[in-house]
Amino acid sequence: MRHRRLGKDKRMAWNAEKSNPAAVAFRAVRPLRSPSDPMSASPLVIGKFSLGMGDRFAHEAEAQLAACLAARKLGVEIVPVWNKSNREHNIIGSEPTSTRAAADAAVKSLGWTAPYFLDADHIGLKTVDRFVGVSDFFTIDVADFIAQPADPAAVKAFVDRHPELVGTLTLAGIDRPFTTTRADVERTAAKFLLAVQEAGKVYRHIAAVKGVGRFVPEISMDETDSPQTPPELLVILAAIADEGVPIQTIAPKFTGRFNKGVDYVGDLAQFEREFNDDLCVIAHAVKKYGLPANLKLSVHSGSDKFSIYPAIRRALARHGAGVHVKTAGTTWLEEVIGLAEAGGDGLALAKEIYAEALSHMDELCQPYATVIDIDRARLPSAAEVDAWSSAQFVGALRHDQKNPLYNAHLRQLIHVGFKVAAKMGPRYLGQLKACRESCARNVTLNLLERHIRPLFL
Ligand SMILES: [Zn+2]
């Protein structure tokens, strides 16, 4: 069995607070069939620490899993979650079945016996169906529904149902109590209720096909303009519990910029304070509203955010909390680094990818406009890069901020440039095979040394 079963203690926690309407809704999650029925499995539960890994061209699953295997030998369990969004599948021209095949093959080849998951990343009602068969983790993205007007009667009913959210709220672990008025809660509910209702629709759609408890549901609200504050998160979680969605991970938008492939930009102290407060809000909501006991934060675009890793690490230790860190394109960048490092045809192809990306910059950046900051003046010309040695190319691209050759602008451009490689098709895949050793080595080392080690080891 690939997945960890829910322990007896957790099952009991799941069913805590029977008087609470939310807890009643979650009773549906409990297996109803007899234990001898193979379909009576307890809900799938994701472990404390998990790493979302993207594998755009389905060639790196083994190298990625090797990082989790190394972490395991070093004493920490990291649950691998392979994620690929509908947008990525469309750009690359792949199907979710290919992600499943690559993950299963890597698991078999390396003899991985612990749980692992496949994340249907950023799906909604319109895009979920192609993932339903093969995925067992669903990132239900409702960011587009935030701030869309909810039914005023539903908002009123929500606030009436939750008088505990109004007034002075003292949460364990948070020094300053939250002070909220009824109008504040109404405003927050009005902003998020429709999004939560939409998440309920998507959740029930998936559950109708896969069965309740047969997948890990996440709700994501990260792809929006303004961050959700910890008091807003509490209201959102109360609404999610009311909606009966047994989420195990939630991805809010955090304060600061989470640009693709590069470090965090923002107020580190504020991030740390809010991240800690979010953990306290989650612990509170689990008890108060009967949400799954393993509910944890999911940090999207979490790769390469080296400056906040110490804060995340401290917060997890302080609260004994788990986390899901979703990487974003960092493995694709390591493939290009691996090609460049191999020299010869590999380096030539890496240079060609850069030149193509540079000449199609507007088109490539457009879908990612809000999550990249590229200063065109800092991008070297294609001719300049063409003259680079392997070490120069690798130095510019590898995320080593101490290296004077490192260029965050070039890195972001190549980050969004995977479409160029997708268009190259067999030529790109051929070089991935030819440069297997250096690609795989860079993929593993990046996840283990730059991500898993500072966060978890
Ligand atoms: Zn996201």
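How many residues does helix α9 have, and how far does helix α9 reach from its first C-alpha to its last? The legends below take up this helix after a look at the whole predicted model.

**Figure 1. The whole protein in a predicted model.** The protein has 20 helices and 10 strands. Its C-alpha atoms fill a box of roughly 70 × 50 × 40 Å along the principal axes. A compact globule of 457 residues would have a radius of gyration near 23 Å, and the protein agrees, with 22 Å. Buried residues account for 49% of the 457. Among contacts with a separation of 6 or more, 79% join residues 24 or more positions apart.

**Figure 2. Confidence along the chain.** The mean pLDDT of the protein is 91, and 91% of its residues reach 70 or more. Residues 1–40 have a pLDDT below 50. Beyond near neighbours in sequence, this stretch has 53 contacts in the model.

**Figure 3. A closed barrel of 8 strands.** The order is β1-β2-β3-β4-β7-β8-β9-β10, and the pairing is parallel. From one strand to the next, the twist averages 25°.

Figure 4. Strand β2 covers residues 79–85. β1 and β2 pair in the parallel sense over 4 bridges. Leu-51 stands opposite Pro-80, which is in β2.

**Figure 5. Helix α9, residues 230–243.** This helix has 14 residues. From first C-alpha to last, α9 reaches 20 Å, close to the 20 Å expected at 1.5 Å a residue. Is α9 largely enclosed or exposed? Because 14 of its 14 residues are buried, α9 is largely enclosed by the rest of the structure. An α-helix has 3.6 residues a turn, so residues three or four places apart point the same way. Gly-244 follows α9 and has a positive phi, near 80°.

Figure 6. Val-235 is found in helix α9. Val-235 counts as buried because 28 other C-beta atoms lie within 10 Å, where 20 or more are needed. Which residues does Val-235 touch, not counting those up to four places away in sequence? They are Leu-165, Val-185, Thr-188, Ala-189 and Phe-192. Gln-248 is 13 residues from Val-235 in sequence. In space, the two are 17 Å apart, C-alpha to C-alpha.

**Figure 7. Ala-58, a residue with positive phi.** Most residues other than glycine have a negative phi. Ala-58 is not a glycine, although its phi is positive, about 55°. The residue lies in the loop between β1 (49–53) and α3 (61–73). Is Ala-58 buried or exposed? Ala-58 counts as buried because it has 20 C-beta neighbours inside 10 Å, and 20 or more are required.

**Figure 8. Ala-147, in the loop between β4 and α7.** Strand β4 spans 137–141, and helix α7 spans 152–161. What is the phi of Ala-147? The value is positive, near 75°, in a residue other than glycine. Ala-147 is partly exposed, with 15 other C-beta atoms within 10 Å.

Conventions
Residues numbered from 1 in each chain as written. Predicted model: local features only at pLDDT ≥ 70, side-chain atom pairs only at ≥ 80, totals over all residues. Helix = DSSP H or I, 4+ residues; strand = E, 2+ residues; numbered from the N terminus. Buried ≥ 20, exposed ≤ 12 C-beta atoms within 10 Å, placed from the backbone. Rg over C-alpha atoms; globule rule 2.2 N^0.38 Å. Contact = placed C-beta atoms within 7 Å. Pairing = 2+ DSSP bridges. Axes fitted to C-alpha atoms, helices over the stretch in contact; angles between N-to-C directions. Expected span 1.5 Å × (residues − 1). pLDDT = per-residue confidence, 0-100.
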